[in-house]
Amino acid sequence: MRPTGARRLSAAIAAGVMAIAAVSLAPRPAAADTPWLSVSENGYASFTVPAAYVQANAGQVSQVVIEGNFGPSSTWAEFGLTRRGDVWSGVLGPLKPGLYSYQVTGDDTKGLKDPTNGAGVASKPLWSTFFVAGDSARLLADAPQGQGGKVETLTYQVKKQERSALVWTPPGYQAGGSKGPKNYPALFLQSGEGQAATDWLDLGRAKQILDNLSVQGSMEPMVVVISGGDGPADDKGLKDLRKVVADKYHVLRDPAHQAIAGVSEGGTQALRAALTKPGEFAYTGSFSGLLTESAGGPDAKAINRDLKLVRLYTGNVTDPAYNATNRLTKALERAGVRYEFDGVNPDAGGNWNAWQENLIDFVPRLFRKVPDHGPSAGHGPLKGEFAPPSPGTTPTPFVTKDGFVTFETTTDFTDAQHVTVWANIAPGGSWLRVPMSREGDRWRATVGPLAPWFYYYKFIVDRVSVKDASNPTKITSEPTWSTFFVSGERSRLLSDVPEGQGGKVESLTYQSTVANQERTALVWTPPGYDPNRAEPYPVLYLQHGSGQNYTDWVEMGRAKQILDHEFLDGDLVPMVVVMGNGNSSNFNKELLENIVPAARARYHISSDPSGQALAGLSMGGGQAIGVLKAYPGEFAYVAAFSAGFGSGTGVDVAAINSKTKLFRVYVGDVTDFVYPSFMAGLTTMDSLGVHYEFDGVTPGPHGWDVWQKNLIDLAPRLFKR
């Protein structure tokens, strides 16, 4: 029977979320001023790009993607949109709280700025940004109006060339007063090569961070001077900038009140400046800096005496600074230089998402005493340098124990222009394309960390899908896909059980009178299956989706691994599972007159409704519901994954409710394109009075990540009522 809370749950979800899903997913024309992007309160980003605008500004295209920092460790990745009527659309999420940047790209090279989003990036004309609010990103949000500091542009001359910097002054900063102006310490904050000073505002959220820290009283009031990648790269340039700042702003000039930090190459410059002339700055920070030596024979005694803080930051192994930081720490230790290390950020690479966190950690340590000198919470130690295998020396992908995955092509694509790896690595198991880099005569990409789970991928070479020829795994229904597995407790039920302890999967050949051909099903029998036992085994008929085949539940759904584990864990009633071919013009006839009789003829399985279950995903879920409507009571257990109930016309509700012991339905979140029709189906069933179970959405899209979880939940519920 349906639980008493299910009606309230489905109604709440339908009222609170369905409106967002309907707007996000329904094909519709988009007016010129209609926002291309909407972000729900729970972090789902819905993109709707008018096809007419794309064609008018980029010409006819065969694909449209949203490029952005959506990948693991906030790496740049491509999210493919689907053409639906007059728009290209898609839903991505849930995204973690934070700042995201993106652009629209057609056919790999035709970039477009979202004209409906006014939040841009000055140095990247095609980029737009959006912010996902949340507690973990509260310091990145705008401070209460009127409580923050001010940012202005400072123009100055270096070698007769005009340069500029941005200067943030703290709340309450005044040029003068009755008792004279107050002088402030100064932080010189540098950008990396090719980056603009404005990037610290547009991408680094420096103003918001400084404003919020200031409002909270978590930092000493200071003046922060931000220079771009073309800023002071040498002693003379830095000296000139410091002089200009001292002349125009009320800052303390002594080294004890001067700090310098930077990102990437800017971090290298900051660290080198502080280590070579330790009397110039008392504080220095390197955010993903690339310095690998201790600035050539440093004066450790002077550095340790004059520098109050040398603090190093790095992302994980996807950060180019990871190996450099490993070498630098050893060099500093050999030289006897004291330093602090913030630890390896496990979830960020060398990008602005990481550098935002670095700035949040670094600024409160300046010009004051702090009790904590260790790494940030959750950060770990360096574990030596990261070095994937040499090209061509190992099957791909190469997977580390902590979930970093290196993909590599063969040498067949040396002339390619754009190569990506497409995989289910987005939040919830959606699909992203990560750009690969040319390395010699191959293309490579390292992504991660990936959570323990089962993954599938393919290469896209100049918009053509290509199988990873170095990976022996295969998917019968998707010839260009390959798979890999990241082990861990989270993915335990998807892993292979010890050899000899699991059930068996066999092929069952049968004659289809509907398709007029011989067909095959796969059948899982439990460990210890006894064809001669007195009581027949209950049976689950498990169906695939559209465009799939009978092999998919084993090759993609990990059905054998799931059933093996749940049986060995004692959670599963011993049963036989039949995975038939559902590609049929008349599935009811195919199932009842072909698949079921063939299974009964070969296996010792029940023909009693109480011993029979039927479930399926997507099209297969719709087929299961169709059988339930047409033959209520034929299967006492029915489940549908990512499928709507459909029409309520002619449904024998009394027969379904009295003869069905369990009718359980599942769906992914709003990234599952059947979500609106599924929610409409709940409303239909509620109005009819159909008994069903629904425990809420399964996080994820219309894909195997969701359906694997659905089977994990369903199988232990069968044949126990």
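**Aromatic pairs.** I searched the whole structure for aromatic pairs and found 36. The model is a predicted one. I looked at Phe70 and Tyr100, which form a stacked pair. Their ring centres lie 6.1 Å apart, with 25° between the planes. I then asked where the two residues sit. Phe70 is in the loop between strand E3 (64–68) and strand E4 (77–80), and Tyr100 is in strand E7 (residues 98–106), so the pair ties together parts that are 30 residues apart in sequence. I checked burial as well: Phe70 and Tyr100 are both buried.

Next I took Tyr529 and Tyr537. This aromatic pair is tilted, at 5.0 Å centre to centre and 35° between the planes. Is Tyr537 buried or exposed? I find Tyr537 buried, at a relative accessible area of 4%; the cut-off for buried is under 20%.

I also noted an aromatic cluster. Its members are Trp200, Phe287, Tyr313, Trp352, Trp355 and Phe362.

**The eight-strand sheet.** I traced an open sheet of eight strands with mixed pairing. The order reads E11-E12-E14-E13-E15-E16-E17-E18.

Strand E12 (residues 161–169) and strand E14 (residues 223–227) are antiparallel, joined over three bridges. I looked up the bridge partner of Trp168 in E14, and it is Val224.

Then I turned to helices lying across these strands. Helix H4 (residues 206–216) lies across E11, E12 and E14. H4 runs at about 35° to E12. Helix H8 (residues 321–335) lies across strand E17 (309–314) and E18. The angle of H8 to E17 is about 150°.

**Strands E25 and E27.** I moved on to strand E25 (residues 453–461). Five bridges join E25 to E27, and the two strands run antiparallel. Opposite Trp453 I find Val486 in E27. How many residues of strand E27 (residues 482–486) are buried? I count four of its five, and the strand is mostly covered.

**Helix H11.** I asked why helix H11 (residues 559–568) is largely enclosed by the rest of the structure. Eight of its ten residues are buried, so the helix is largely enclosed. I listed the buried ones: Ala559, Gln561, Ile562, Leu563, Asp564, His565, Glu566 and Phe567. What covers them? The cover includes strand E29 (517–525), helix H10 (552–555), strand E31 (576–579) and helix H16 (704–714). Just after H11, I noted that Gly570 has a positive phi of about 80°.

**Helices H12 and H13.** Last, I looked at how two helices pack. Two packed helices are described by the angle and the distance between their axes. For helix H12 (residues 587–602) and helix H13 (residues 619–630), the axes come within 10 Å and cross at roughly 75°. H12 and H13 are therefore roughly perpendicular to each other. Which residues make the contact? From H12 I find Phe587, Asn588 and Leu591; from H13, Gln623, Gly626, Val627 and Ala630. I sorted the contact of H12 with H13 by class: four nonpolar residues, three polar and no charged.

Terms used. Residues are numbered from 1 along each chain as its sequence is written. This is a predicted model: local features need pLDDT of at least 70, side-chain atom pairs count only at pLDDT 80 or more; totals for chains, interfaces and linings use all residues. Side-chain values use heavy atoms; hydrogens and water are left out. Axes are lines fitted to C-alpha atoms, for helices over the stretch in contact, and angles run from 0 to 180 degrees between N-to-C directions. Angles under 35 degrees count as roughly parallel, over 145 as roughly antiparallel, 65 to 115 as roughly perpendicular and the rest as oblique. Contact means heavy atoms within 4.5 Å. Ala, Val, Leu, Ile, Met, Phe, Trp, Tyr, Cys and Pro count as nonpolar, Asp, Glu, Lys and Arg as charged, and the others, Gly among them, as polar. Buried means under 20% relative accessible area, exposed over 50%, partly exposed in between (1.4 Å probe, protein chains only). Two strands pair if DSSP finds at least two bridges between them. Rings of Phe, Tyr and Trp (its six-membered ring) pair if their centres lie within 6.5 Å; planes under 30 degrees apart count as stacked, over 60 as edge-to-face and the rest as tilted.
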